Amino acid sequence: MPASRRAGEARRRGDELLSIGAVLAFLRDDFPEVTISKIRFLEAEGLVEPQRTPSGYRKFSAADVERLAYVLRMQRDHYLPLRVIREHLDAIERGEQPPALPGPDARPGPVEEADRELAGSSSVGGVRLGRAELIAAAEAQERELVEWEAYGLVQPGPDGGYDGEALQIARLVAELGRFGLEPRHLRAMKAAADREVSLVEQVVAPLRRHRNPQTRAHAEATARELATLSVRLHAAMVQAGLRART
């Protein structure tokens, strides 16, 4: 029986609130990959707001379980980002019809996915996470983060914390890992990124050395634009290569 139906039956029976472990048991039949870290991450993103006991333990209602099941289903079946899923949930709460779902052939291609990632990167500025927070947000484990760091994919800052870019990289590396791609497979991507950084630096280094603050600010804007173009070019080449093989 789907998790949403079981949650609905629990609501009709007037069952007590559920612990996070019980919620995990409810959801795992339909979503075997879900973890407690995933549930906590969705809570941190504001997609579900469980009650808290005086001791701080989470307690989920049947409505909370239904929301979680909806989020997981939209991610798995329709590849919707959390921002769009949140809009769906807000519409449902207002009693409105949520936006139409994309068709089976409407999943964004590599270029569109790259644009979405670049747009999302503008919202992670100023983020500062501890090690445990990064692991939870990336839905990873300590041993995975150790391996990512060993291959230079994710690096902490001087204070031992992680910024928004590190979080974004960690999430993408974790997602690739679910397809069987290990950090050792990603060394080529890291090497390519390092070469692209060198190319950008060749262009903007003279501007950064300038005494004029406006010129130095222009250097940073140029670096961002070149990075965006580089990512989009890489995505377009991947898309062209995949199309050539079909």
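# Briefing: helix α4 and its surroundings

Helices α3 and α4 pack with their axes 11 Å apart and at an angle of about 100 degrees. That angle makes α3 roughly perpendicular to α4, a label that covers 65 to 115 degrees, with under 35 degrees counted as roughly parallel, over 145 as roughly antiparallel and the rest as oblique. Axes here are lines fitted to C-alpha atoms, for helices over the stretch in contact, and angles run from 0 to 180 degrees between N-to-C directions.

The model is predicted: local features need pLDDT of at least 70, side-chain atom pairs count only at pLDDT 80 or more, and totals for chains, interfaces and linings use all residues. Residues are numbered from 1 along each chain as its sequence is written, and side-chain values use heavy atoms, with hydrogens and water left out.

**Overall make-up**

- The protein chain has 11 helices and 4 strands; these are DSSP runs numbered from the N terminus, helices being H or I of at least four residues and strands E of at least two.
- Of the 246 residues in the protein chain, 31% are buried, meaning under 20% relative accessible area, while exposed means over 50% and partly exposed lies in between (1.4 Å probe, protein chains only).
- Contacts (heavy atoms within 4.5 Å) between residues at least 6 apart in sequence join residues at least 24 apart in 54% of cases.

**Helix α4**

- The buried residues of α4 are Ala62, Asp64, Val65, Arg67, Leu68, Ala69, Tyr70, Val71, Leu72 and Met74.
- After α4 comes Tyr79, which has a positive phi near 60 degrees.

**Contact of α3 with α4**

- From α3, the residues Lys38, Ile39 and Leu42 meet Leu68, Val71, Leu72 and Gln75 of α4.
- By class, this contact of α3 with α4 has 5 nonpolar, 1 polar and 1 charged residues.
- In that count, Ala, Val, Leu, Ile, Met, Phe, Trp, Tyr, Cys and Pro are nonpolar, Asp, Glu, Lys and Arg are charged, and the others, Gly among them, are polar.

**Nonpolar core**

- The largest nonpolar core has 43 residues, of which Leu27, Ile39, Trp148 and Val154 touch the most other members.
- At least two residues of this core come from each of α2 (20-28), α3 (36-44), α4, α5 (82-93), α7 (131-137), α8 (142-150) and α9 (164-177).
- Helix α4 supplies the largest share of this core, 7 residues.
- A nonpolar core is a set of buried Ala, Val, Leu, Ile, Met, Phe, Trp, Tyr and Cys residues joined through side-chain atoms within 4.5 Å.
- Not counting residues up to four places away in sequence, Trp148 touches Ala138, Ala140, Leu153, Val154, Ala170, Val173, Ala174 and Pro183.

- Arg67 lies in helix α4 and counts as buried because its relative accessibility is 18%.
- Apart from neighbours within four places in sequence, Arg67 contacts Leu47, Val48, Leu89 and Glu93.
- Arg86 lies in helix α5 and is partly exposed, with a relative accessible area of 26%.
- Apart from neighbours within four places in sequence, Arg86 contacts Glu45 and Leu47.
- Arg86 and Glu45 are 41 residues apart along the chain, and their C-alpha atoms are separated by 9.4 Å.

**Loop residues**

- Thr35 sits in the loop between α2 and α3 and is partly exposed, at a relative accessible area of 29%.
- Leaving aside neighbours within four places in sequence, Thr35 contacts Leu24 and Arg28.
- Glu139, in the loop between α7 and α8, is partly exposed at 23% relative accessibility.
- Glu139 has a positive phi, near 55 degrees, and is a residue other than glycine.
- Most residues other than glycine have a negative phi.

**Helix α10**

- Leu199 is in helix α10 (residues 187-208) and counts as exposed at 52% relative accessibility.
- Glu201 is also in helix α10 but is partly exposed, with a relative accessible area of 33%.
- The C-alpha atom of Leu226 is 9.3 Å from that of Leu199, 27 residues away along the chain.
- Glu201 and Leu226 are 25 residues apart in sequence and 9.9 Å apart in space, C-alpha to C-alpha.
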